[in-house]
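Hi,

Here is the structure I promised to send over. Have a look at it first, and then read on for what turned up.

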Amino acid sequence: MDEPVNSPASTPIYQSAGWIFRDLDEVDAIYESRVRGAVYGGSGGPNHWALEAALCARHGAQAALVTAAGMSAFTAALLSLAASGTHIIAARDLYGNTTRLLQDLQKFGMRLTFVDARSNAQVEAALDAPSAILVVETISNPRMQLAQLAELAALAHERKAKLIVDNTLATPYHCRPLSLGADLVVESITKFLGGHNDVVLGCLLGPSELVEAARSIAGRAGLIGPSFESWLVTRSLEDFDLRMNRSSASANAIARWLEGHESVHAVHYPGLASHPGHAVAKDTLVNGFGSALSFEVKPDRSAVNRFIRSLEHIKLVLSFGGATSTISHPATSSHRVLSPEARAAVGIHDGFLRLSVGVEDAALICADLERGLSAL
Ligand SMILES: *Cc1c(COP(=O)(O)O)cnc(C)c1O
């Protein structure tokens with residue numbers, strides 16, 4: 001190959017399924033980790049390592065595993081930690097796909113109990129067996145409820161249970177769950193870490209022992225993410241703090257503005273003094289309260305349709321975390337498989353909307369929301 005004598009300033013994209021070995025001794029040295037080398041595209045390479053190092057630094061983690069999606073990070077963690085009979089205790093308002101994945105695993109003999117993760121007493125009562133795994137979100141999606149991570153970690157460890165925290169809404173900009181005692185952290189990079197609505201990727205972080213066990217099974221199961229996506233996100237991380245600083249400040253301002261609007265019945269944002277988890281948020285989060293918020297208008301589908309059609313800037317997108325603000329409607333997306341009664345039980349109705357705040361001027365977002373709200 002015609003290599004230049006000097007190095008590129010940015011890590012090149014290693015778009016290769018296979019790697020060349022000088023001889024069998026080099027194969028042994030790489031397999032035995034005596035030197036760092038890549039073996040196969042499906043087990044990660046330099047672009048994964050660059051992203052893993054950057055994410056470890058942000059989370060204060062010993063090790064990280066970049067996976068094909070946030071859900072693959074969960075799958076790798078559960079495949080490595082759980083067995084038939086393992087008791088999984090999960091927050092009742094976890095992300096819908098996480099809830100359904102845990103339900104799927106019941107057919108392999110895992111036991112599943114749902115708790116209100118805001119209640120330490122409920123979690124403590126559920127933590128019975130020594131092989132338990134507790135799964136919570138730092139900020140839940142879309143209800144924006146907070147769990148007391150440090151207390152839950154202490155309770156889990158008293159019972160020899162492992163705490164897995166999905167930190168997708170908080171991101172390492174606002175929370176580093178490992179420093180609060182979590183055993184493993186899952187990030188859906190697809191959202192704010194990727195930050196541009198163009199990448200699906202995930203990550204698992206924690207102590208080497210747990211992450212390496214997950215890496216080994218993730219490689220066999222084909223759960224490792226692609227090189228190009230890892231490269232794109234390494235690039236996204238360079239301006240991640242700037243984006244989060246801007247969008248979380250805007251989200252705070254927009255939440256306050258929405259709270260004062262006559263057509264808005266409720267606003268769910270941990271930065272608001274009216275939020276029931278505000279005190280927990282102040283203890284758990286740093287640098288603000290995140291860039292996602294939910295709000296409720298009258299539960300009337302045709303009025304909500306008028307709201308959405310009147311928006312000129314904010315688009316209805318069923319993901320979130322991009323640099324451009326988007327809105328979503330959980331009743332017809334993440335919660336659509338539930339009956340209206342089951343949705344009502346978790347507080348989701350036709351007038352429940354989730355806003356993902358991007359890096360635009362907050363005044364522009366409020367003006368667009370005003371257009372929508374006046375059409376209700
Ligand atoms: C999107 C999301 C996931 C799943 O991530 P994918 O990258 O879509 O697999 C998990 N948890 C939360 C809170 C999410 O928002």
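Bear in mind that this is a predicted model. I'll begin with the ligand and its surroundings.

- Asp166 uses its side chain, with an N or O atom 2.6 Å from a nitrogen atom of the ligand.
- Lys191 places a polar side-chain atom 2.8 Å from an oxygen atom of the ligand.

How much of the ligand does the protein cover? On its own the ligand has 380 Å² of accessible area, and the protein covers 92% of that. As for where this happens, the ligand takes up the space of the second largest pocket.

Next, the aromatic rings. The count comes to 5 aromatic pairs. One of them joins Tyr173 and Phe240, and this pair is edge-to-face, with 6.4 Å from centre to centre and 90° between the planes. Tyr173 belongs to helix H7 (residues 171-174) and Phe240 to helix H10 (residues 240-259), so the pair ties together parts that are 67 residues apart in sequence.

Last, some backbone geometry. Most peptide bonds are trans, and most residues other than glycine have a negative phi. Now look at the loop between strand E4 (133-137) and helix H6 (149-158), where you'll find Pro142. The peptide bond joining Asn141 and Pro142 is cis, with omega at about 10°. Met144 lies in the loop between E4 and H6 as well, and has a positive phi of about 60° although it is not a glycine.

Cheers

How values were computed:
Residues are numbered from 1 along each chain as its sequence is written. This is a predicted model: local features need pLDDT of at least 70, side-chain atom pairs count only at pLDDT 80 or more; totals for chains, interfaces and linings use all residues. Side-chain values use heavy atoms; hydrogens and water are left out. A polar contact is a pair of N or O atoms within 3.5 Å; within protein, one must be able to donate a hydrogen and the other to accept it, and residues adjacent in sequence count only if both atoms are side-chain atoms. Accessible areas come from the Shrake-Rupley method with a 1.4 Å probe; for residues, only the protein chains shown count as cover. On a 1 Å grid over the protein atoms alone, a cavity is a set of points where a 1.4 Å probe fits but cannot get out, and a pocket is an open set with protein on both sides within 12 Å along at least five of seven lines; lining residues have an atom within 4 Å of a point. A molecule sits in a cavity or pocket if more than half of its atoms lie within 2 Å of its grid points. Rings of Phe, Tyr and Trp (its six-membered ring) pair if their centres lie within 6.5 Å; planes under 30 degrees apart count as stacked, over 60 as edge-to-face and the rest as tilted. Helices (H or I, at least four residues) and strands (E, at least two) are DSSP runs, numbered from the N terminus.
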